[in-house]
Amino acid sequence: MTDQVLNVFKVALLALVYLFFARVLWAVWSEVRTPVAVDGARVRRDRGSGKTKRHRVPRGAASFVVMEPRDLRGQRFVLSNTLGVGRAEDNDICVDADTFASQQHARIEMRADAIWVVDLGSTNGTFVNGQRVTTDKSMRKGDRLQVGSTVLEMH
């Protein structure tokens, strides 16, 4: 083989190595930046009929609306006193298909001065408007709460 053919092979091999590393970095960045969407969350159901309870939202009452995953967008959870969020069945907002959420992930509490989010020692963390919750964090209307891959917006 001539030197020109060998140089072409060297350049092609080097290009393939760079493409491989670029693909690996893209895959890692995609996983770190945005968790994979999940199949579902469940709302509490009437024990007798198996149907989802429809809540009328009283004026001035805080509620949380599912924004992600897309197939559950629009589900509303009304905050009366506290809402538990996680994969366990006893949570008010049960996101059992969200593998990024812990069993008892977070709690939303109504206090005298505001509405607060408390992370319950979750593995992947709880985020309000993209910032990790390390201590109790107050929320206002329009704030977004991320628990695992599930995103809730306060209304």
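User: Why is phenylalanine 77 called buried?

Analyst: In this predicted model, phenylalanine 77 has a relative accessibility of 6%. The cut-off for buried is under 20%, so phenylalanine 77 counts as buried.

User: What makes asparagine 129 partly exposed?

Analyst: Its relative accessible area is 45%. Buried needs under 20% and exposed needs over 50%, so asparagine 129 falls in between and is partly exposed. You'll find asparagine 129 in the loop between strand E7 (126–128) and strand E8 (131–132).

User: What is the phi of asparagine 129?

Analyst: Positive, at about 50°, even though asparagine 129 isn't a glycine. For background, most residues other than glycine have a negative phi.

User: How do you know that aspartate 98 has no salt bridge?

Analyst: The nearest side chain of opposite charge is arginine 87, and that is 7.2 Å away. A salt bridge needs the nitrogen and the carboxyl oxygen within 4 Å, so aspartate 98 has none, despite being buried. Aspartate 98 sits in the loop between E4 and E5.

User: What makes the pairing of aspartate 98 and threonine 150 a polar contact?

Analyst: Their side chains are joined at 2.9 Å. The limit is 3.5 Å, with one atom able to donate a hydrogen and the other to accept it, so this one counts as a polar contact.

User: Which residues have the most contacts inside the largest nonpolar core?

Analyst: Phe64, Ile108 and Leu145, in a core of 22 residues. Strands E1 (63–68), E3 (82–86), E5 (106–110), E6 (115–119), E10 (144–147) and E11 (150–154) each supply at least two residues of this core. Leucine 145 touches residues including Ile108, Val117, Phe127, Met139 and Leu152, leaving aside those up to four places away in sequence.

User: What makes E4 and E9 edge strands?

Analyst: The open sheet has five strands in the order E4-E3-E5-E6-E9, with mixed pairing. Strand E4 (93–94) and strand E9 (137–139) each pair on one side only, and they are its edge strands.

User: How do you know that E5 and E6 pair?

Analyst: Five bridges join E5 to E6. Pairing takes at least two, so E5 and E6 qualify, and they run antiparallel. Glutamate 109 stands opposite tryptophan 116 in E6.

Key: Residues are numbered from 1 along each chain as its sequence is written. This is a predicted model: local features need pLDDT of at least 70, side-chain atom pairs count only at pLDDT 80 or more; totals for chains, interfaces and linings use all residues. Side-chain values use heavy atoms; hydrogens and water are left out. A nonpolar core is a set of buried Ala, Val, Leu, Ile, Met, Phe, Trp, Tyr and Cys residues joined through side-chain atoms within 4.5 Å. Buried means under 20% relative accessible area, exposed over 50%, partly exposed in between (1.4 Å probe, protein chains only). Helices (H or I, at least four residues) and strands (E, at least two) are DSSP runs, numbered from the N terminus. Contact means heavy atoms within 4.5 Å. Lys and Arg count as positive and Asp and Glu as negative; His and the chain ends are not counted.
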